[in-house]
Amino acid sequence: MKIRIGEGIAGKVFEDGKPLLVKDIAKAGLPSVKLRSHYKTGSFVSVPLKFASETIGVLSISDKTTGEEFTEQDLDVLNYFSSHASIALKTSSYYNLAEKMKELSIADPLTGVFNKRYLQERFEEEIHRSERYDLVFSVAIFDIDYFKVFNDTEGHLAGDNALKEVLRV
């Protein structure tokens, strides 16, 4: 869930970048913390998820199944886990960014249609596939007659809309 930086316990842990171990929230004297009835115990741990010096999230754990308070040993285990989780999360965000960059590099941002470079790569792959499996290979090419004239007389916005409409079919 999203919490603003500095808001509540998790927001404060994010802002400070330091873990927080609370054995009993009622005795912790934390400012502006509401006791929530759905928690079974008043003990919890909040650990920042950090990649290098950047805090990318917070892992908060409450209610040990045994009903006991969290300990320094629990905090150590969670710190260890959080360092690995941070790497996995950051790697995942880099992967998602790389996928987005790849998508942007192979498709026209206006229409979403693949660009010439991508089509050339796929064309070669498909030719090799048709040869390998002894299949017929066909290509269809469409041309919009007088598109430049339309674009120049009606404007680029109208041309963009015309392209989208043609490609929608």
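User: How do I read a polar contact here?

Analyst: A polar contact is a pair of N or O atoms within 3.5 Å; within protein, one must be able to donate a hydrogen and the other to accept it, and residues adjacent in sequence count only if both atoms are side-chain atoms. This is a predicted model, where local features need pLDDT of at least 70, side-chain atom pairs count only at pLDDT 80 or more, and totals for chains, interfaces and linings use all residues. Residues are numbered from 1 along each chain as its sequence is written, and side-chain values use heavy atoms, with hydrogens and water left out. Now take S86: a polar atom of its side chain lies 3.0 Å from the backbone nitrogen of K50 and 2.7 Å from the backbone oxygen of S82.

User: Is S86 buried or exposed?

Analyst: Buried means under 20% relative accessible area, exposed over 50%, and partly exposed in between (1.4 Å probe, protein chains only). S86 has 0% relative accessibility, so it counts as buried.

User: Which residues does S86 touch, not counting those up to four places away in sequence?

Analyst: Contact means heavy atoms within 4.5 Å. On that basis, S86 touches L49, K50, F51 and I56.

User: And which residue has a positive phi although it is not a glycine?

Analyst: A52 is one of them, with a phi of about 60°. A52 is exposed, at 73% relative accessible area. D63 also has a positive phi of about 60° without being a glycine.
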